[in-house]
Amino acid sequence: MTESTSPFLAVLKPHLSDIGAFTVQRSLPSLAFKTVGPFIFFDHMGPATLPPGQGMDVRPHPHIGLATVTYLFDGEIWHRDSLGSDQRITPGAVNWMTAGRGIVHSERTPPDVRERGGDVHGIQTWVALPRADEETEPSFAHHDAASLPDIFLPGVHMRLILGEAFGEKAPVKVFSPIFYLAVEMEPCAAFVLPPEYEQRAVYTVQGEVTVNDEALPEHRMGVLAPGGDARIVAGEKPARLMLLGGAPLDGERFIFWNFVSSSRERIEQAKADWTAQTMGKVPGETEWIPLPERKQSAT
């Protein structure tokens, strides 16, 4: 009898961290896989219920060489940046911030939401930019939920956040072949993820699914083997997933704190620029997060 072949190259268990207001589970980067397509960072925030008077306060901090993507299931986040952008993000919409040569932003709970309290639950990712675009001009774009393509299959609702998949194309301007979908599945529903991209992964936000008959538990990222269909089936309860991937990055990337680059020297320059406070400021804010004091090397 021939042994079955796993659909996964690896199943990633996230690292947990407490950022004060709630817990964050980080699946990328990991020891087994630093990236999946251009995705180099994947954080699952919450779910959490914040009491009245409490909220998230991520003070102004910098980025280079990447684009950030925020997608919420519950709650609201107030984004402000050094370009003058001032934007709330609500469930189902997309905030896409291209850092390029450098941007500074803050992320906070809006004052009215903080006053009454409420839920927070979502995914934040970083997409590494191609070498040719690492130093592009920074920019910010917001796309309402109604502008993103919805894909309906029996018992399955998908929202295309980035790139192209299932014959649809998202309006977000991207820099390389990519796909990113939020998926809701009714109990026992099923669909097939085709091998359109070389690198693909499935993350279980809620519930449990099987992929080609192999279980993928809640809060795990299954990195799929290249080629071949992946048949995804929900269990006895509803499931919520994120599907992500794309073309492999065009070379190695180094990471230090919030900086991503193909050049170690560029990261050292960004560290010096941030320490000197020459990367820009968020209008109306005087706080900022200092460069980490602990010794780190770009890895």
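**Reading a predicted model, term by term**

User: Where does UniProt place the feature "binding site"?
Analyst: The UniProt record, an unreviewed entry, puts this feature at His61, His63, His105 and Glu107. These residues are spread over 47 residues of sequence, yet they cluster in space, with a largest C-alpha distance of 13.3 Å. UniProt positions follow the numbering used here, feature names are shortened, and annotations may be inferred rather than shown by experiment. The model is predicted: local features need pLDDT of at least 70, side-chain atom pairs count only at pLDDT 80 or more, and totals for chains, interfaces and linings use all residues. Residues are numbered from 1 along each chain as its sequence is written, and side-chain values use heavy atoms, leaving out hydrogens and water.

User: Why does His61 count as buried?
Analyst: Buried means under 20% relative accessible area, exposed means over 50%, and partly exposed lies in between (1.4 Å probe, protein chains only). His61 has 5% relative accessibility, so it counts as buried.

User: Which residues does His61 touch?
Analyst: Contact requires heavy atoms within 4.5 Å. Not counting residues up to four places away in sequence, His61 touches Ile103, Val104, His105, Glu107, Trp257, Asn258, Trp274 and Ile289.

User: What lies 2.9 Å from a polar atom of the side chain of His61?
Analyst: The backbone oxygen of Arg59 does. A polar contact is a pair of N or O atoms within 3.5 Å; within protein, one must be able to donate a hydrogen and the other to accept it, and residues adjacent in sequence count only if both atoms are side-chain atoms.

User: Why is Glu107 called buried?
Analyst: Its relative accessible area is 9%, so Glu107 is buried. Its contacts, not counting residues up to four places away in sequence, include His61, Met56, Trp78 and Gln124.

User: Where in the strands do His61 and Glu107 lie?
Analyst: His61 lies in strand 5, and Glu107 lies in strand 10. Strands (E, at least two residues) and helices (H or I, at least four) are DSSP runs, numbered from the N terminus.

User: What is the order of the four strands in the open sheet?
Analyst: The order is 5-10-7-8, with antiparallel pairing. Strand 5 (57-63) and strand 8 (86-89) are the edge strands, since each pairs on one side only.

User: What makes strand 7 and strand 10 a pair?
Analyst: Two strands pair if DSSP finds at least two bridges between them. Strand 7 (residues 77-81) and strand 10 (residues 103-108) have four bridges, in the antiparallel sense. In one of these strands, strand 10, Ser106 is the bridge partner of Arg80.

User: Why does Ser261 count as buried?
Analyst: Ser261 has 3% relative accessibility, so it counts as buried. Ser261 is in strand 25 (residues 259-261), and its side chain reaches the backbone nitrogen of Ser263 at 3.0 Å.

User: Which residues of the largest nonpolar core touch the most other members?
Analyst: A nonpolar core is a set of buried Ala, Val, Leu, Ile, Met, Phe, Trp, Tyr and Cys residues joined through side-chain atoms within 4.5 Å. In the largest one, which has 29 residues, they are Phe42, Ile161, Leu162, Tyr180 and Met242. Strand 6 (residues 66-74) supplies the largest share of this core, four residues. Another core, of 26 residues, lies apart from it and has Val183, Val211, Leu224 and Ala230 among its members.
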